[in-house]
Amino acid sequence: MSLLVIGDVVTDVVAMRVPRLYGCAPPAGRPGEAAVADGPAGGHGPGTGDAPGVGYDGGSRPGHETVEVRGALEDGRRRGTADGPPDGTGQSGCGTAVAGIGTGIGTGIGTGIGTDTAADIVLRPGGSGANTASWAAHLGTDTRLLTRVGRDIGEWHTAELRRAGVRPHVRIDPDHPTAVVIAMVDVTGERSMLTNRGASGRICAADWEDGLLDGVRHLHVSGYILFAPPGLELARLALAAAARRGVTVSVDPASAGFLRAFGAERFLAETAGADFLIPNLDEALLLSGLGPGGDPESAATRLSGRYRTAIVKLGSRGALLAQGGRVVARVPAEKTEVIDSTGAGDAFAAGFLTALLAGRSAADSVAFGCRAGAQAVGQVGGRPHAVFGT
């Protein structure tokens, strides 16, 4: 039996050795939270974290650099497709487009922060939904992914998913580029992210067909798709179809920042039919109504009263498993050297679901998820390196 994941595909752009960030620094207790650059530029001052723009200690006004980075992104796409087909189709054209995005963003970041030196740029295929699907396939689960990409480098992403062992059901958006996340790592090691959701933010009910559930035992939904009206309609349709077929459902809330904007109670209502909720601690505290500084076990307990099972990810402290209004297991994390936390939560979800679909108990499945998460933090990037190869 198969696993169907609905979620995003993203081009992850990691910019290393950027001068110290200030405008996109998240509030205390929410490190690394993403700012959104889909709308008009215009950042906020230091420490706000909810800024649609970013700023740096580079002498420019806060928010100005968002224009530079967004302009660099578009310039990179133009450069990348100049030598290939105009829409980036064809594997050669897609490869050129990917390289061009990296070059354009690197130059733009250097310009935007007021330095003559562009940041070191590393590009990886990413996205929470695609990462989860890739890890699940890597761990031995027959996995499908429903997603939406742009025409620019969509074929490259589709090829990477196939190489990971995923069966991709990719919808091509003719009007919007593939989503991009720019992760800017400063000289102190702090990381902040700028997100342009692109085509991923336009996934919609028209992308669904009931045949996607043929032979599927479990549906996993990345919360990101709920945060735009078209994706919310798709989620409603998919959850209803899963209920009709007796397919179990899990949801990863994906982002505390997006959850706050969407509304915790609204999210709980929209996902009420799910069997499993897999939040991190910040998301669990928000959804349980406890807020920052709340007790993790209380959060897990409350959420297990809303869903059949709640699994709260605690990072280096492991995870909590709660069912029927009580915590039934406290699973420690696997000890490992942490190199990059990107995709760790996605790997955890994939490990948990892989073990669960193989017939293991919920507690054993959480432990397997912790092992997968430990493997993920020991490498750079959100996909298994045995698949991506670098």
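Student: Does Asp 275 count as buried, partly exposed or exposed, and what is behind that label?

Tutor: Keep in mind that this is a predicted model. Asp 275 has a relative accessibility of 17%. The cut-off for buried is under 20%, so Asp 275 counts as buried.

Student: Which residue forms a salt bridge with Asp 275?

Tutor: Side chains of opposite charge can pair when their charged atoms come close. Here the closest N and O atoms are 3.5 Å apart, and the cut-off is within 4 Å. The partner of Asp 275 is Arg 308.

Student: How many residues apart in sequence are the parts that this pair ties together?

Tutor: Look at where each one sits. Arg 308 lies in the loop between helix H9 and strand E12, while Asp 275 lies in the loop between helix H7 and strand E11. So the pair ties together parts of the chain whose separation in sequence is 33 residues.

Student: Is Arg 330 buried or exposed?

Tutor: Arg 330 sits in strand E14, and its side chain meets that of Glu 297 in a salt bridge at 2.6 Å, N to O. The relative accessible area of Arg 330 is 53%. Since the cut-off for exposed is over 50%, Arg 330 is exposed.

Student: Which residue does Arg 245 meet in a salt bridge?

Tutor: Arg 245 is in helix H5, and the other member of the pair is in the loop between strand E8 and strand E9, 31 residues apart. Their N to O distance is 2.8 Å. The residue that Arg 245 meets is Asp 214.

Notes: Residues numbered from 1 in each chain as written. Predicted model: local features only at pLDDT ≥ 70, side-chain atom pairs only at ≥ 80, totals over all residues. Heavy atoms only, no water. Helix = DSSP H or I, 4+ residues; strand = E, 2+ residues; numbered from the N terminus. Buried < 20%, exposed > 50% of the residue type's maximum accessible area, 1.4 Å probe, protein only.
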